[in-house]
Amino acid sequence: MQLARGYLGRPALTAERFVADPYAVEPGARMYRTGDLARWTRDGELEYLGRADDQVKLRGFRIELGETESVLAAHESVTHATVVLRDDRLVAYVVAGGPVDSAQLRAHAAQSLPDHMVPAAVVTLDVLPLTPNGKLDRRALPAPDFAAEVTDTRPRTPLEETLCGLVADVLGLERVGVEDDFFSLGGDSIVAMQLVARARAAGLTFSPRDVFRHKSAAGLAAVTATTVTAADRDDDVILLDLTDDERAELAALPAGSEVLPVSPLQAGLLFHAALDSGDDGPDVYTVQVSYDLEGPLDADRLHTAAQSVLDAHENLRSGFRHLSSGRPVAVVPRTAVLPWRQLDLTEDPQDWERLLVQERRRFDPERPPLLRLLLARLGPDRHRLVLSHQHLLLDGWSLPLLTAELWARYEGRTPAAPAPYRAHLRLLAAQDQAVSTAAWAEALGGLAEPTRLAPVDPDRAAVVPSTHTVELDPDRTAELEAFARRQGVTVNTLVQAAWGVLLGRLTGRDDVVFGATVAGRSPELPGADAMIGLFINTVPVRVRVHPQESTAALLDRLQDEQSRLIAHQHLGLADIQRAAGLGELFDTLVVFESYPVADDEEGGDGPRVTVRDHEDSTHYPFAWAVEPAERLRLTAEFRPDLFRPAVVRRITDALTALLTGMAADPDRPVGRLDLLAPAERHTVLETWNDTALPAPTADRLGTVPELFVAQAAADPGAVAVTDGRTTWTFAELDARTNQLARVLAGHGAGPERIVALALPPQRRPHRRDPRRDEGGRRVSAPGPRPPGVPPHRHARRRPPGADPGHGRDRRHAAPNQPPRPTT
């Protein structure tokens with residue numbers, strides 16, 4: 001066996017695979033970590049157990065097979081489990097120590113694993129087939145027979161017959177029984193989405209949630225609605241109905257240019273681009289992704305491939321503008337030249353950061369194309385590629401699709417053309433805007449005011465946000481995912497509920513609204529999941545917090561409220577806010593970044609591509625980017641001029657504490673969910689409440705009135721209070737308060753009596769009226785002391801029921817105030 005000394009130009013991978021040899025005599029000797037798992041038997045032989053890196057990719061999701069195997073092996077009836085990827089399905093092979101049912105094992109796995117990691121089939125074997133050297137013989141594993149699970153239950157209506165045909169089609173079976181379980185026949189969450197899409201193309205409507213609830217064609221028939229197909233509607237849709245003045249304004253465009261409408265989010269992004277166009281600051285909606293390329297690379301061929309991608313997608317050539325009428329439109333030229341830079345940084349790699357800043361310069365929306373590429377050579381077979389683009393063009397789902405097409409064209413393959421982006425625009429134009437507006441008006445009805453975490457300032461300049469990221473450990477992440485599955489909700493709903501509760505605590509409200517990004521890829525549009533463009537939209541999420549309601553009830557209610565609005569998520573945020581009648585509804589955003597990634601083609605001659613960095617942001621003062629993975633990743637993006645890092649850390653800690661508390665006890669009332677870590681709880685309950693004061697001695701005063709009298713005697717001419725116009729010295733304030741005290745005593749004021757103060761309104765918040773200090777000081781002054789009561793005790797008494805704290809208007813809470821403790 002020949003083995004190299006390391007991986008060329010990849011020190012991190014070399015350090016991971018080539019480790020120190022603990023048995024060597026000479027220093028510096030290394031061992032190679034093969035990735036095989038084995039154990040010593042009692043006979044002193046090595047028994048092969050499998051691979052440590054059995055990671056596969058299924059429909060864009062990266063899956064560690066060992067995780068699924070461990071969950072199955074934990075079942076009491078299973079002695080050994082092996083999971084393989086077969087025909088785009090996960091198939092589990094188990095050796096059982098007793099009676100075991102395939103459906104039971106799948107249900108057992110679903111309790112701990114996300115949907116895409118649950119095997120589509122479980123095959124029971126007496127023993128696993130092995131090769132002569134003791135490894136698993138994968139070619140000897142029998143194929144699962146999904147057809148054997150099909151029953152003879154026949155459809156009873158034409159609708160059931162149609163649904164049976166659709167289910168059989170997506171599962172690759174000849175037929176299915178009308179009562180057959182979709183998931184027992186090999187279905188999963190991704191195939192469920194395909195079923196929904198094909199049904200809608202046939203004029204039938206049901207949701208992915210319906211598939212999970214009803215599972216069979218018979219069950220789906222009971223909830224299926226008949227609709228007009230997208231193709232039938234689109235034939236009569238006019239994409240853009242221009243006025244005569246608008247057509248005259250566009251007459252000067254270059255020959256071959258087309259004018260298209262914009263999506264709702266494109267309209268919003270174009271507004272912000274116009275708003276910030278005269279500002280020298282950064283463009284927060286310039287997105288930049290950099291990639292490490294390792295291996296031989298033909299730069300000219302890559303340039304040609306990139307240009308061909310631009311040529312193939314008309315929406316990537318779009319420029320954007322507002323017409324004189326105020327209408328936003330996209331102008332698509334017939335051709336566009338891709339901005340391309342190629343540099344050699346072999347001798348000067350420190351220039352990399354400077355180049356990134358240059359490449360992230362502001363785009364002019366009216367001058368397409370709104371994307372650019374930079375290729376930098378770092379050494380032999382080492383390059384970096386930077387893609388910068390205006391967010392008007394692409395969403396996060398589209399980026400891996402774009403790069404996959406780029407490398408396919410680089411390798412000489414021409415991908416199948418997806419439906420053009422204008423098909424999405426046509427689908428948007430066909431929606432009933434009035435119905436969706438009414439739905440949002442009803443959903444937001446009764447909302448008293450917007451929910452803002454930061455002060456309002458329409459003239460505030462854009463800034464690149466700071467970030468603070470936390471990653472939950474795998475066990476904690478798995479607990480949250482399992483809890484969400486048990487409750488029948490998504491992790492996204494769980495995060496939204498937690499942020500709604502926390503936002504309520506931060507703002508002092510029980511009815512809050514924040515923004516959420518939705519995918520916008522309609523199942524009605526064939527091939528929408530493979531299209532490149534900007535499909536996402538931002539919509540409000542309203543969370544009404546009832547302190548006595550349980551976490552489980554809150555999650556069910558929130559998911560139910562949100563599911564009713566799915567059909568109306570195409571409506572633009574500006575239209576939704578007009579329907580609510582409150583102007584801007586929120587200033588915080590939650591982005592749940594969950595989407596499949598493009599599959600890699602094996603055997604190509606392109607370099608190895610890995611994402612190095614991804615820079616994007618929003619104009620919102622505070623936003624969450626949530627990335628579901630083995631370790632749930634929560635990134636707070638915040639304006640550093642509005643939020644202190646320490647406060648953001650506390651908000652982040654509070655959100656993770658809420659998520660943990662919700663999963664730990666779903667029956668606990670929402671009002672009793674704790675936001676504090678143990679150290680913070682000790683500070684609040686112990687440190688801050690340690691207010692005991694020693695009795696004053698002859699040389700130490702113990703109360704505020706005593707301190708005031710001593711200060712007035714020591715320096716009577718010093719300034720005591722002022723509001724900039726009126727100034728009183730300590731002597732003057734002491735005289736006025738003594739006079740007022742005599743008046744109050746004459747009216748019956750005394751110890752253990754409550755005195756109400758009617759003070760003049762404070763018209764200027766930054767100025768303090770001295771009369772407030774006069775009244776407050778005199779009421780807190782000791783007055784005549786009852787016999788037998790020591791001075792220090794009498795001075796510190798309060799009336800029964802009096803509030804020992806300061807009053808606070810919760811409607812005007814400071815934005816940087818940390819979460820209030822809940823005890």
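The model is predicted, so local features need pLDDT of at least 70 and side-chain atom pairs count only at pLDDT 80 or more, while totals for chains, interfaces and linings use all residues. Residues are numbered from 1 along each chain as its sequence is written, and side-chain values use heavy atoms, with hydrogens and water left out.

Salt bridges come first. The term means a side-chain nitrogen of Lys or Arg within 4 Å of a carboxyl oxygen of Asp or Glu. By that rule there are 29. One of them joins Arg633 to Glu471, with the closest N and O atoms 2.7 Å apart. Arg633 is in strand E25 and Glu471 in strand E19, so this pair ties together parts that are 162 residues apart in sequence. Strands here are DSSP runs of E, at least two residues, and helices are runs of H or I, at least four, numbered from the N terminus. Both residues also belong to a salt-bridge network with Glu627 and Arg631.

Next, Arg557 and Glu549: their closest N and O atoms are 2.8 Å apart. Are they buried or exposed? Both are buried, meaning under 20% relative accessible area; exposed is over 50%, and partly exposed is in between (1.4 Å probe, protein chains only). By contrast, Arg564, which bridges to Asp560 at 2.5 Å, counts as exposed because its relative accessibility is 57%.

Now the loop. Ser550 sits between strand E21 and helix H18. Ser550 counts as buried because its relative accessibility is 17%. Leaving aside neighbours within four places in sequence, its contacts include Pro666 and Arg668, where contact means heavy atoms within 4.5 Å.
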